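Hi everyone, thanks for coming. Have a look at this one with me, and I'll walk you through the inside of it.

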Amino acid sequence: MQILIIFTSDLVIYFTARYEVTVELPSASSQSRFVIHDVPINPLASRLWPELQPPDFLDTYDAVFTFPHLKTLRNIAERIRGFSSVLLITLTRNNRLQLSVETDVVNLVTYFPGVDAQFSDKTEDSDCEIRVNMKRFLQFTMIQPLSSSTVTGKLVNDEQLCVKVVSNKLTCHFFISAVSL
């Protein structure tokens, strides 16, 4: 079973196994609106799965890394949420993941040393970073992974963060787009 969730700066789309698409629309007030559409979906037989090719955008990345424990990430993100609605995620060349919030009053940085990371050739000596919506990042950390799950991230510098959660029977992909300032 696969669940695909796409985050953009203004829209969230959920594709579920119930053959419907749920779209979350932001509004001027603090409340969001959900619109559910029944979309005719024809599931592919499992014998046809080997013939499918994965999308190309999963192959283009600047860095691939393994996330620290999701509960720790969620706790930190919830605590710094009050300072800003934008979270800066930085992956340094010395395998350190940084979550930071920058405002006029405070610069707050949390470090996760020893993150397993691989950089592509095009990043050369620079660090990779992306600014994401704090609410979207917290939605990703709210999943309840199984004990044997691994969470990896593919970062495209200042464009997109692709998070893949793999457990025994479930694979989830989360695509979080960058926030432009």
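So, which residues in the largest nonpolar core touch the most other members? They are Phe65, Phe67, Leu87, Ile89, Phe137, Phe140 and Leu161, out of 34 residues in that core. Helix α1, residues 70-80, gives the largest share, 5 residues.

Quick housekeeping. This is a predicted model, where local features need pLDDT of at least 70 and side-chain atom pairs count only at pLDDT 80 or more, while totals for chains, interfaces and linings use all residues. Residues are numbered from 1 along each chain as its sequence is written, and side-chain values use heavy atoms, with hydrogens and water left out.

Now some terms. A nonpolar core is a set of buried Ala, Val, Leu, Ile, Met, Phe, Trp, Tyr and Cys residues joined through side-chain atoms within 4.5 Å. Buried is under 20% relative accessible area, exposed is over 50%, and partly exposed is in between, using a 1.4 Å probe and protein chains only. Helices (H or I, at least four residues) and strands (E, at least two) are DSSP runs, numbered from the N terminus. Contact means heavy atoms within 4.5 Å.

Let's start with α1. Leu70, Leu73, Arg74, Ile76, Ala77 and Ile80 are buried there. And what covers them? The cover includes β6 (86-91), β7 (96-102), β8, α2 and β11 (150-156).

Take β8, residues 107-113, where Thr110 sits. Is Thr110 buried or exposed? It's buried, at 17% relative accessible area. Setting aside neighbours within four places in sequence, Thr110 contacts Ile76, Leu97, Gln98 and Leu99.

On to α2, residues 134-141, which is mostly covered, with 6 of its 8 residues buried. Those are Met134, Arg136, Phe137, Leu138, Phe140 and Thr141. Gln139, also in α2, is partly exposed at 24%. The C-alpha atoms of Gln139 and Arg74 are 9.2 Å apart, though 65 residues separate them along the chain. At the N-terminal end of α2, Asn133 is the cap: one of its side-chain oxygens is 2.8 Å from the backbone nitrogen of Lys135.

Last stop, the rings. Phe65, Phe67, Phe137, Phe140 and Phe174 make up one aromatic cluster. Thanks, I'll stop there!

Note on methods:
A polar contact is a pair of N or O atoms within 3.5 Å; within protein, one must be able to donate a hydrogen and the other to accept it, and residues adjacent in sequence count only if both atoms are side-chain atoms. Rings of Phe, Tyr and Trp (its six-membered ring) pair if their centres lie within 6.5 Å; planes under 30 degrees apart count as stacked, over 60 as edge-to-face and the rest as tilted.
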